[in-house]
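Here is a short walk through one protein model. Keep the sequence and the 3D view side by side as you read.

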Amino acid sequence: MAESISEGTLKQWVKQVGDFVQQDEEVATIETDKVDVTVNSPASGTIVEVYAQEEDTVAVGADFFKLELGDAPKEGAAKPKAEEPKQSEPAAAPAAAAPASPAPETKAPEPAAAPKQPESKPAPAAAPAATPAAEDAGKKVFGNRSENRVKMNRMRLRIAERLKQSQETAASLTTFNEIDMTNLMALRAEYKDAVVKKHGVKFGFMSAFAKASAVCLEEIPAINAQIDGNEIVYHDYVDISVAVSTPKGLVTPVLRNVEDMNFIDIEKNIAALSAKARDNKITIEDLTGGTFTISNGGVFGSLMGTPIINMPQTAILGMHAIKQRPVAVNGKVEIRPMMYVALTYDHRLVDGREAVTFLVRLKEMVEDPRRFLLGV
């Protein structure tokens, strides 16, 4: 695991005591605040003892299990271990049967006292019969009001910690603009089938926004920089973190050296990283670094939002849903596919002029994709 990770939570034992495992076969899964890490067997053998239980916190480098080296055992050797729980079941049965014999003895004196006060028994019997009926009627009106508490996983805890850190550290400010997607959508519609046929990837909008961002970041280096103590670190490369939603939370795998990529290179890398994230195979190396982040809330239908900076970066671009809206084009009102974009930036390092210039330049390039070819 990475040096920044010192401990994790043992989420699952894939193998149990008595199981035979091959070398490098998965034995357990450890959940960290970034990714899930598999624990593989260092050699072939039989697990004879485990040193931690599921949900235990384990340190990096600690011993998890004891392995008896050797070849796979015969089928008959594993059967006695499977019969062990059967022996424990009858042991519990007598304990449950024991109270059954004294039960009738304690009830014997009760009937003797019953005939002494026959009038008092029917009265309390009628009261409880009416009370549950009234309670049931009330419950039917208000419905189910149950609650369920679930422990936060380490990734969600880490996300919460970093988001709160960002809000408390950065002087965040968000500026907005809108982009006419007509030309980019026409380009995609014309060539998407050819791209899939030749390169085996889908031609989406993210590649254009990532490439346009790389151009803008090279022209405005302050947005591609970061604060480190009392110093500013300027990066001569553009590594863009792309926000990807997974069942456990949001992860941001990094596209490295985007300034040297074309649209197809970007689409291939995004597809590969997204697949790894969805299959829970993302690694620490895939998430490390990043000088700028792009988050596309539009895939969920978001019309507008203010993204939170991914510290220690200086800015994040938020893409949103494409909606048909009336706009003025050459003095006439036309219906165009429009997208709102937002840039949240750290005002400690980036001035408003630089942030607005970034979005205006981004808008120019996305609205006229020919600029990518001409470099203007």
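Start on one face of helix 5, where Gln-167 and Glu-168 are exposed. Exposed means over 50% relative accessible area, buried means under 20%, and partly exposed lies in between (1.4 Å probe, protein chains only). Helices (H or I, at least four residues) and strands (E, at least two) are DSSP runs, numbered from the N terminus.

A word on the model itself. It is predicted: local features need pLDDT of at least 70, side-chain atom pairs count only at pLDDT 80 or more, and totals for chains, interfaces and linings use all residues. Residues are numbered from 1 along each chain as its sequence is written, and side-chain values use heavy atoms, with hydrogens and water left out.

Back to helix 5. Which of its residues are buried? They are Arg-154, Met-155, Ile-159 and Ser-166. These residues cover an arc of only 135° around the axis, so they sit on the same side of helix 5. The arc is that of the directions from the helix axis to the C-beta atoms. An α-helix has 3.6 residues a turn, so residues three or four places apart point the same way. The cover over the buried residues of helix 5 includes strand 1 (7-13), strand 3 (26-31), strand 6 (57-59) and strand 13 (249-251).

The length of helix 5 can be checked too. The helix holds 16 residues, 154-169, and at 1.5 Å a residue should span 22 Å; its end C-alpha atoms are 22 Å apart, which agrees. The expected span is 1.5 Å times one less than the number of residues.

Four strands form an open sheet in the order 4-3-1-6, with antiparallel pairing. Strand 4 (36-40) and strand 6 stand at the edges with a single partner strand each, so one side of each has no neighbour in the sheet. From one strand to the next, the twist averages 45°. Angles run from 0 to 180 degrees between N-to-C directions, and axes are lines fitted to C-alpha atoms, for helices over the stretch in contact. Two strands pair if DSSP finds at least two bridges between them. Three bridges join strand 1 to strand 6. In strand 6, Ala-59 is the bridge partner of Glu-7.

Now the aromatic rings. Rings of Phe, Tyr and Trp (its six-membered ring) pair if their centres lie within 6.5 Å; planes under 30 degrees apart count as stacked, over 60 as edge-to-face and the rest as tilted. The count comes to four aromatic pairs. Phe-263 and Phe-372 form an edge-to-face pair, 5.1 Å centre to centre with 75° between the planes. This pair links distant parts of the chain: Phe-263 lies in helix 8 (residues 263-278) and Phe-372 in helix 11 (residues 370-374), 109 residues apart. Both Phe-263 and Phe-372 are buried. Phe-292 and Phe-358 form a tilted pair, 5.6 Å centre to centre with 50° between the planes. Phe-203, Phe-263 and Phe-372 form one aromatic cluster.

End with two single residues. Asp-346 is found in strand 17 (residues 332-346). Asp-346 is buried, with a relative accessible area of 3%. Leaving aside neighbours within four places in sequence, Asp-346 is in contact (heavy atoms within 4.5 Å) with residues including Ala-170 and Ile-309. Val-238 is found in the loop between strand 10 (231-233) and strand 11 (240-242). At 2% relative accessibility, Val-238 counts as buried.
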